[in-house]
Amino acid sequence: RREFAQYPHKYPMLSLGNTYDMSELEAFADRAGKGIGNSFTFSCELKFDGTAICLTYRNGRLHRALTRGDGTVGDDVTENVRNISNIPQSLKVPAGFVPAPAIPSPWPEEFEIRGEIYMPWAAFERLNIERERDEEQPFANPRNAASGSLKLIDSRMVANRGLECTLYHMLGEDLPYETHAQALDAAASWGLPVSEHRRIFNTTEEVEEYINYWDTERKNLPFATDGIVVKVNELPYQEELGYTAKFPRWAVAYKFKAEQALTKLL
C-alpha cells in the first residue's frame, strides 16, 4: 500500500451538522437569523455521496489536491486527481474577460475549492462486474468505491474508474464575492465542475419544496445523493456566524430517510 504525503489544511475541513426533519431545519434558520440579526437567503444544493476533496489552484493551475483526512491534515492525492476527467488542470478564461492592471486574471492568484469525488452508478456497476469476474470482493456502495479508487497506487488506473467531481465551496484571502452563489458562478465560468441543480431561496417553505422534490427525483440522477445541503448564501453573514468546534453555524445537511424495501423470505 502506497503511503501518501500529508499536508495541513490551510482552513480546517469540518463536517456538517445533520437534520432529519423540517422542524430542525426551521430551528437552524431561526438560529442563523438571530445570530445575524437580519434576513438572509438560503443556498440549497444536492449532498453528494462520495469522498471529500480540497483543490488548490495557483495562478490558474491545479497545484494540490488533499483528502479530508482528520480535518486538519489530509493526504496528497494530486497525481490521482489529475486523472479525473472533469477536474481541469488549468482554468479557462471566461468569454469577455479583459485583463487590466488592477485585475490581471479572472481568478484569485491562489484559492481553494472543495467538493466531492464520487462514482456514478454506471461506473460503479461496471467496476463491480469486473471485480466479480476477477474474483475480487465487489464494493458495497459507490462511496466506498470512490474512496478506494482515489487511493489507488497506480494513478493511471484512476482514469479507468470513471470518477467525477462536483465542487461546492470556495475559500481564499479577500475573495471578491458577496455571496456563495456568486463564487460558484465564477468557478463555473473558469471551467470548474459545479452543480447545475443548486438554487437560491428566500423562505424555509421554498427550501422544503426543493427538498421534497429531490427526495423523489434523486432516484433518476446518475449518481448517489443522500440529502440536501442548506447554507446561508451571504458570505459576510457566514463569517459572522462562524463555527462551533465541529460544524459551521451557517450550513446544515438535511438527510433523506434511508430507502426501505420489502423482501419475501423463502
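**Briefing: a buried serine and its surroundings**

Ser 43 is buried, with a relative accessible area of 2%, where buried means under 20% relative accessible area, exposed over 50% and partly exposed in between, computed with a 1.4 Å probe on protein chains only. The model is a predicted one, in which local features need pLDDT of at least 70 and side-chain atom pairs count only at pLDDT 80 or more, while totals for chains, interfaces and linings use all residues. Residues are numbered from 1 along each chain as its sequence is written, and side-chain values use heavy atoms, with hydrogens and water left out.

**The chain as a whole**

- The protein chain holds 8 helices and 11 strands, which are DSSP runs numbered from the N terminus, with helices (H or I) of at least four residues and strands (E) of at least two.
- The chain is as compact as a globular protein of its length, because its radius of gyration of 19 Å is close to the 18 Å that the globule rule gives for 266 residues; the radius is taken over C-alpha atoms, and the rule is 2.2 Å times the number of residues to the power 0.38.
- Along its principal axes, the C-alpha trace spans about 60 × 50 × 35 Å, and buried residues make up 48% of the 266 residues.
- Of the contacts with a separation of 6 or more, 75% are between residues 24 or more positions apart, a contact being heavy atoms within 4.5 Å.

- When residues up to four places away in sequence are not counted, Ser 43 touches several residues, including His 180, Arg 199, Val 229 and Asn 233.
- Val 229 has its place in strand β10 and is also buried, with a relative accessible area of 7%.
- Although Val 229 and Ser 43 are 186 residues apart along the chain, their C-alpha atoms are separated by 8.1 Å.
- Leaving aside neighbours within four places in sequence, the contacts of Val 229 include Leu 16, Ser 43, Cys 44, Val 252 and Ala 253.

**Helix α6**

- In helix α6 (residues 180-189), the buried residues are His 180, Ala 181, Ala 183, Leu 184, Ala 186 and Ala 187.
- An α-helix has 3.6 residues a turn, so residues three or four places apart point the same way.
- The buried residues of α6 pack against strands β3, β7 (110-118), β8 (164-171), β9 (199-201) and β10 (225-232), and also against helix α8 (235-241).
- After α6 comes Gly 191, whose phi is positive, near 95°.

- Most residues other than glycine have a negative phi.
- Asn 59, which is not a glycine, has a positive phi of about 50°; Asn 59 lies in the loop between β4 (51-58) and β5 (61-67) and counts as exposed at 57% relative accessibility.
- Asp 174 likewise has a positive phi, near 50°; Asp 174 lies in the loop between β8 and α6 and counts as exposed at 75% relative accessibility.
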